[in-house]
Every structure is written in structure tokens, then in C-alpha cells.
Amino acid sequence: MRACLLCALLGASFAFGQDFSFTVTPDSRSVAAGSSTTFGASITSINGFNGVVPFSVSGLPSGVTASFNPTTVTGSGSTTLTINTSSNGATGSFFPIISAASGALGQHISVSLDITTTSANAPPFARSVVPNSGSGSAQILTFEFSDPNGATDIVSTQMDINAQLSAANACYFYYSRASNALYLANNAGAWQGPVTLGTAGVGLSNSQCSVDPEDSLVSDSGNTLALSLAIGFQTAFAGAKSIFMEVQNATQDSGWWQMGIWTATAGPAPDFMLGTSPGSENTAPGASASYAITVTALNGFSGVVSFGASGLPSGATASFNPTTVTGTGSTALTVNTSSSGGTGSFTIGVTGTSGALSHNTSASLGIISGSANMPPEPASVTPNTGSGSSQTFEFAFSDLNGATDIVSAQMDISAQLSATNACYFYYSRASNALYLANNAGAWQGPVTVGGSGTLSNSQCTVNAGGSSVSASGITLTLSLAVTFTAGFIGAKNVYMEVQNATQDSGWSAQGTWTVTSGGSLSPDFSLGMTAGPGSIAAGGSAQYTVAVTGVNGFSGTVSFGTSGLPAGVTGSFNPITVTGSGSTTLTIMTTSDASQGGFTITVTGTSGSLSHNATASLTITGASSGGPPAPLSVAPNTGSGSSGTFAFAFSDPNGATDILSTQMDIGATLSATGACYFYYARGANALYLATDAGAWQGPLTIGSAGTLQNSQCTVNAGASSVLASGNTLTLSLALTFTAGFTGAKNVYMEVQNVTQNSGWSAHGTWTVSSSGESASPPEPVSVTPNTGSGLSDTFAFVFSDGNGATDIVSTQMDIGATLSATGACYFYYGRGANALYLASDTGAWQGPVTIGSSGTLANSQCSVNAGTSSMSVSGNTLTLNLAVSFNAGFAGAKNIYMEVQNATVDSGWSLHGGWTVP
């Protein structure tokens with residue numbers, strides 16, 4: 001809303017008399033020539049004002065007309081200003097002035113009106129609701145929406161009647177135009193229905209309202225879709241309510257707008273509902289898993305709910321704390337497994353009972369064999385030997401606590417383990433982000449694995465689009481499409497390392513590769529394939545991107561074929577051939593009776609005598625129930641700070657690629673205005689942030705440089721990422737909050753596919769602090785002494801993290817002639833456990849010993865005395881003092897390398913000093 005231009009002058013003489021306030025929303029609109037748009041204007045009485053206020057507008061360009069409905073307001077009320085443009089009228093930016101006057105009282109507000117020459121990119125918008133004010137226990141409300149490309153371009157609309165914009169405990173509707181299907185959210189915000197408008201049948205209801213489909217109807221004319229809903233309000237919902245509206249086509253969303261007010265003057269029996277969070281947990285035999293069981297009171301329910309659990313694995317027990325909940329609240333369910341019990345997947349049923357009322361919920365439990373204290377480890381690289389100027393390498397890593405326990409992995413292809421002048425990669429699993437070190441060893445990137453983009457140095461290039469990642473059970477497999485440079489020819493080793501939140505495998509050699517000169521080879525190509533959705537329901541479809549990368553000047557035409565498809569499954573390519581480098585889309589179509597299970601799809605690319613394969617996995621489940629998509633979680637789901645990267649996870653039973661859009665709102669209440677409110681369009685990978693007034697700004701492309709900001713927050717698109725795996729879409733947004741947005745906030749989420757919408761639901765809380773550390777990665781600072789000689793010394797290794805020293809997970813220090821895990825004085829320190837390891841001569845970790853406690857570790861190069869070593873943290877700095885003695889056989893000039901990592905980011909290795917062992 002723009003500032004009132006004359007309020008201060010005209011209102012001064014009436015400061016203590018009757019007056020009115022005047023507001024207009026939104027403060028700007030964009031419309032295509034030949035179409036129309038609306039503004040909402042509201043009058044609020046001050047000091048008993050009950051005069052008649054007529055409205056007018058000035059400053060309209062040629063070919064543009066305006067009308068108000070109603071034309072006047074008495075006392076308090078609202079009107080809708082409709083702006084009609086002509087197809088041959090003026091275009092450009094204009095600033096009409098909307099006026100409200102009553103006797104000597106007058107107020108004027110300027111708004112922005114942009115008239116464009118084409119409607120192709122103009123979003124749809126909420127036009128009006130009729131009536132836009134009034135009261136009663138029942139009413140047919142007509143909601144009008146407009147799309148510059150025609151009413152049939154509209155995919156869906158939403159209408160929310162409540163004291164404030166909320167998905168829970170509201171009269172909240174979702175309408176899918178193509179299927180003429182109307183949904184009403186239940187008290188918790190989950191969709192009920194659908195019903196078909198204009199047909200007889202049972203209506204929909206919750207504790208706030210009901211809708212009669214037979215007396216409701218829909219019509220479209222030109223650009224306008226009109227939805228008339230016969231609504232009855234419940235007695236317990238009495239009071240003043242606002243009417244919010246939103247509309248979406250296949251690519252754009254209007255955002256939410258308040259379009260009217262209604263006072264409900266009109267209750268089912270008290271009841272409750274149960275919920276579970278998280279939906280699934282994994283644990284090891286003998287360990288435990290915890291879930292939050294929530295009780296939500298309905299219709300004034302205040303009874304005592306007791307709990308029971310069923311479906312427990314053999315030897316497992318369950319307990320609830322507290323044992324009962326009164327009204328609304330939550331209890332913690334702890335499942336303790338037996339060390340001698342079986343492994344596998346189990347469904348835990350939870351029953352809540354209060355008198356004659358009983359409701360159920362469930363959670364998944366995976367019991368995975370392995371110790372929680374076992375570190376992750378590199379499993380293999382495929383191929384583990386060979387030669388060539390390019391190759392897609394499959395790096396496999398294992399964690400007995402599950403693949404999702406892995407935080408990061410590193411891969412180094414070089415003559416010896418080195419951060420500089422090497423083909424050296426770092427992969428962050430949570431953000432699906434891949435980095436390649438430059439020639440000096442500093443990280444470049446990231447690129448998103450499976451997304452478009454490449455990274456290069458003087459040794460190699462990696463093609464993110466031809467690369468893929470998959471997590472299955474305890475194994476994470478990272479397939480990287482690598483092309484080597486002619487200057488990097490020769491025999492190389494393939495080193496691998498992996499880390500979870502508390503432990504590091506250390507480096508180990510897993511294979512060899514001889515790099516041949518591309519210039520001396522015949523033209524060839526490599527084939528890569530994205531991971532795809534992972535899982536789809538029978539009757540659904542899946543898409544994979546198959547990338548062809550030309551090597552050594554290859555310019556041939558590649559044709560494609562598939563194998564490994566089960567019964568009832570077919571595949572097609574578009575385009576059917578690729579010349580040189582490029583990509584094609586493989587569409588997998590399944591029938592409703594297609595074979596179910598896990599399959600490996602093999603794509604073969606052929607050009608003359610050249611032939612290469614790429615593979616991806618596909619799981620076909622039972623036919624989809626047609627259930628709507630749902631928000632799953634946000635991580636972190638609680639905490640505080642002025643910045644952070646939030647991972648929003650959404651699920652669709654038809655696969656993540658079935659998701660059309662998501663919305664995320666961080667604010668004290670669910671609101672489109674004055675909030676950190678986002679809209680993400682999956683197909684275009686486009687992110688929008690609402691302005692302070694609730695209008696969309698953007699878009700930005702996730703993973704590409706750029707920021708959006710309002711008065712509440714800023715999002716960094718380049719540091720954000722998106723990952724689709726199976727049924728789950730995870731959107732990780734790098735956010736920084738403003739000082740003016742401090743305080744406790746809720747995190748709301750919503751997701752939509754082409755026909756269904758999840759509705760809004762709260763998934764976390766965050767307290768915005770007025771100041772906070774930067775989210776910069778950790779880094780090695782220095783080593784003291786950084787030069788000298790001798791058979792022993794205490795080396796002070798200093799590391800820094802912008803989020804505080806306690807954000808550091810681990811550090812590594814390597815003293816050797818070159819950066820190497822073998823034949824070196826190579827240390828790993830886990831801060832959380834204050835544990836120090838020393839690599840053996842072959843590079844395997846020995847230890848740990850506890851810093852500050854008696855104990856030593858030794859190899860053929862050096863020994864360290866833990867008792868005379870120490871660690872300290874101060875602010876952002878961690879200092880590790882290691883008492884090191886060198887062996888005479890390790891004589892000569894050595895370098896001192898350092899590396900540090902927090903839970904999400906790794907500094908990479910860098911050189912910080914030198915030491916001569918006499």
C-alpha cells in the first residue's frame with residue numbers, strides 16, 4: 001500500500017473528531033492491454049464516523065475506464081475498483097490516484113498500474129468476491145478470478161475465510177478447474193473431498209463451515225472464472241472474518257490477497273485427531289527411535305487421551321511420555337529395539353483413546369544392522385581400473401546407519417593424494433552440491449548433481465547434467481561424468497573419503513586410471529543419465545535426462561535404445577537422436593497392471609561402431625491412490641539465528657516430478673504480507689519471494705547466482721538447491737533474516753500438483769535473532785610454528801568458523817613431503833568427542849585418544865602425546881595444540897597441510913607451513 005499523500009494535511013484539523021482511515025491493496029497491478037484488473041479499497045471509521053464516503057479515481061491513461069462496487073461506503077466497509085483496459089489503448093507504467101471523500105474529509109492514495117502489450121507472461125489474479133462484506137450464518141459467495149490468457153488457463157483457485165490467513169481451523173477451500181473438483185480443509189488443514197460442483201451429493205464440512213455442492217456452481221467467460229459456493233457457517237465460528245483469495249495457472253501464482261470481510265453469525269460433537277512426526281525413523285538393533293504424537297482438539301474437545309502402540313518388532317518395547325494428553329498437546333513415543341531382534345522395515349500403529357472416542361496414526365521404523373559408532377567408509381569406484389580421456393565413475397560409499405547419515409564425500413584423481421593440480425571433488429549430500437577444486441586447491445562451484453552445468457580446472461571437467469546420485473539402504477552412489485585434459489595424461493590413483501556428522505573414514509586408494517590424450521584418440525562420446533524420480537506408481541510415468549558429451553571432436557549422430565524394462569512398461573526418446581553433444585529426454589510409461597518392484601533401466605547410445613551405456617534405477621509401486629501431495633518436514637524444524645539454510649521436504653505419491661509448486665511462509669502467523677513468503681515452480685526451477693505487500697518478485701533460478709529480498713528476509717539462490725528423489729522433493733533455501741524481523745516465527749508449508757493441493761500446515765518454529773554469525777564456510781587459519789626444524793615440537797593448529805567454533809565438526813592435519821594419507825604424519829580430530837586419530841603407514845585410522853588425557857599414537861613417521869596436547873575454543877576460533885615427535889627415518893623437508901569441516905561445508909586442503917625433520 002502506498003503512503004497516503006494528503007492524510008497528514010487534511011486529517012490534522014480532525015485529530016480529535018470523527019474521521020476515517022483509507023487503505024488500498026495491493027499497491028501495484030500489472031495487466032495486459034485488453035484485460036482488466038482490480039484493487040481493493042477499505043474505509044475504517046474513527047471516533048464514531050458514520051458518513052457516506054464516495055470514491056473516485058484520476059490519472060488513468062487513454063482507453064482505460066474504472067468502476068467501483070459499491071460506489072459508496074457508509075461508516076466502515078470495502079469497495080472493489082475494477083480497471084478495464086482496451087486492446088489498442090496506452091501501455092506503460094501509470095500512477096492513478098484513488099480518492100475517498102466525505103464532506104471536508106478526504107484522503108488520496110497513489111497506486112502503480114503497469115499495462116503491457118502481451119498477456120503471455122502476465123500472472124492470473126484474484127478479481128473480486130460478491131458480496132465483499134456482510135453477515136449471516138449462510139451465504140452464496142461468488143469468487144471471481146481472471147487470467148489474461150483466458151479463464152481456461154487457470155489451473156486452480158483457493159479461498160480462505162478466517163480471522164487471519166490460515167489453513168488450520170478455517171473455512172478453507174481448494175478448487176481444481178480441469179476436474180471441477182472442490183476440496184475443504186479439515187481442522188488440521190488437510191484436504192477433504194473432492195465434491196463436484198453442480199451435482200447432488202453429500203457436502204463437505206469441518207468445525208468452521210460446510211459447503212453444499214448441489215447449490216454451488218462454476219462458470220467461465222473470456223478471462224474470468226466465477227466460482228459460486230453455497231456456504232453455511234458453524235455456531236462456534238461466529239465473528240468477523242476476512243476473505244482471502246489466490247489463483248494459479250500452470251506456471252504462475254497470484255499469491256494471497258484479502259478481497260472482502262464477512263461476519264459469521266451461525267457445532268459438531270467434541271472430538272480429536274492424531275498426528276505423527278517424523279513419519280519414519282531408522283535405528284540400529286539395540287538402539288531406540290523417537291516420534292512426536294500430537295493430539296489436536298476439535299470442536300472444544302477437552303478430554304483425556306491415553307495411548308497404545310502395536311506392530312512392534314520382536315523384542316521391542318514402546319513407552320509414552322507423558323502417558324496421557326488433555327485436550328490439545330503431544331507425547332513422545334520412544335521405541336526401544338532389541339540387540340537380538342530382527343532387522344527390516346516395520347509400521348508402528350499408535351491408538352489414542354478417550355472414552356468412546358478412538359483414533360489411529362502410524363509411523364515407519366527401519367532397523368538397520370550396524371553400530372551407531374561405526375564410521376562410514378568408501379566402498380568402491382567403478383571402473384576401478386582402465387584408461388581413457390573421459391569416463392563416468394561410480395563412487396560408492398557406505399554408512400551402517402544408512403546412506404542419509406552421510407554428510408559429505410571427497411574424491412581425488414591424481415598421481416598422488418593432492419588438493420592442488422588434481423581432479424579433486426567435494427560432494428555435500430544434503431544440498432546435492434558438487435565442488436571441484438581449482439588448480440590452487442580452492443573450491444569452485446557448486447553445481448547441482450543432475451542439473452545443468454559444468455566445472456573445470458586444468459586437469460579435468462565434470463558435467464553435472466551427465467552425473468547422478470542415488471541413496472539405497474546404507475550405500476550412497478555418486479556417478480560423475482568426468483573428462484580429462486590433454487595436459488593431465490599419465491597414470492593416476494583414485495582416492496576416496498567420506499564423513500558423517502561425527503566421524504571421518506580417512507583417505508584410501510580405491511582404484512587407478514590412466515589418462516590418455518584426447519587429441520591422440522579417435523572421436524568418441526560419453527553417455528550420462530540422471531537419477532530420475534526413483535519411484536512411481538503403476539499407471540504413472542517417469543522422465544530421465546540422457547546426456548551425450550562429445551569427446552575428441554566427436555560430431556556424429558547418436559541414436560538411443562532401452563533395455564531392462566519390465567512387462568507393461570515402454571520407453572520413448574525426445575529427440576530420437578543427438579548430434580555431437582546434447583541431451584534427450586527418456587519418458588518411461590507404465591500401465592496400471594505393470595510389473596511392480598525395482599528395476600535397472602539401461603540406455604544404449606549408438607553412433608556407427610561406437611556404443612555406450614548408462615543406467616538408472618526405477619521402482620514401480622502399486623497404482624496410486626490419487627492422494628494429494630503433502631509437506632513432510634523442514635530441517636532444522638526449530639532453533640534460532642539470523643540466517644540458515646532450511647531444507648523443505650515435500651512428498652507426492654505419484655513421484656516428486658508430479659509436484660507443480662510449493663509455498664513456504666515464515667512468519668508469526670500465516671500471512672502473505674509482512675512475511676518471509678516464498679513460491680517455487682518446480683518445472684521452471686523458479687523461486688519467487690513476496691514483497692512486503694504480498695506481490696511476487698522474481699523469479700530466480702535455484703542454484704544460479706542472484707538474491708531476492710524484502711523487509712523480512714533475503715534468499716541467496718546460488719547457495720540454495722533442489723533435489724527430487726523418489727516421491728520426495730527437497731528445496732534447500734539459504735536465508736538471511738533482517739534485524740527488524742526478530743522474534744518467534746512459525747514455518748508453514750504447502751504443495752500442489754496439477755490437480756490437488758495439500759493446504760497449509762505448520763512444520764516448525766524459528767526464533768529470528770537480531771544478529772548472528774555469517775554462514776561462511778570454516779577455514780584453516782594458521783599453524784605455529786609455521787617453519788623451523790627439529791625432532792619434536794608442539795604445533796598450534798588454528799581453525800575458524802563464522803558460525804562459531806562449536807560449529808566445527810572435524811579438522812585434519814597432514815605433515816608430509818606431499819599431501820598424502822600414506823607414509824605421512826596425518827591426523828584427524830573429531831571435536832564433538834574430543835578424539836584424535838593418527839593414520840597408520842597405509843592410511844588407516846588408529847585411535848582414538850582423548851586430547852588432554854594420557855595416551856600416545858604412533859606410526860613410522862611420528863608419534864603424538866595426547867596428555868601434553870590440548871584444545872581450546874574462543875568465539876569463532878578452535879586451536880588444537882599437538883605435541884608431535886618425529887622419527888629419524890622421516891628426515892627431510894615437509895609441508896604442513898590443514899583442512900576443516902562443519903556439518904555441511906568443507907574448507908578443502910590448503911598449505912600453511914613447512915618443517916624440516918633432521
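## Seven-stranded sheet

Seven strands form an open sheet in the order β34-β44-β43-β36-β37-β38-β39, and its pairing is mixed. Its edge strands, β34 (387–388) and β39 (443–448), each pair on one side only. Strands (E, at least two residues) are DSSP runs numbered from the N terminus, and two of them pair if DSSP finds at least two bridges between them.

Within this sheet, β37 (residues 423–428) and β38 (residues 433–437) run antiparallel and are joined by four bridges. Y426 has Y435 as its bridge partner in β38.

## Model and conventions

This is a predicted model, in which local features need pLDDT of at least 70 and side-chain atom pairs count only at pLDDT 80 or more, while totals for chains, interfaces and linings use all residues. Residues are numbered from 1 along each chain as its sequence is written, and side-chain values use heavy atoms, with hydrogens and water left out.

## Pairing around β26

Strand β26 (residues 288–298) pairs antiparallel with β24 (residues 271–277) over seven bridges. It also pairs antiparallel with β30 (residues 329–336), over eight bridges. In β26, I293 is the bridge partner of T276; in β30, S330 is that of T294.

## S408

S408 lies in strand β36 (residues 406–414). S408 counts as buried because its relative accessibility is 1%; buried means under 20% relative accessible area (1.4 Å probe, protein chains only).

Leaving aside residues up to four places away in sequence, S408 touches Y426, Y427, V498, Q499 and Q901, where contact means heavy atoms within 4.5 Å. The side chains of S408 and Q901 are joined by a polar contact of 2.7 Å. A polar contact is a pair of N or O atoms within 3.5 Å; within protein, one must be able to donate a hydrogen and the other to accept it, and residues adjacent in sequence count only if both atoms are side-chain atoms.

Note on methods
Buried < 20%, exposed > 50% of the residue type's maximum accessible area, 1.4 Å probe, protein only.
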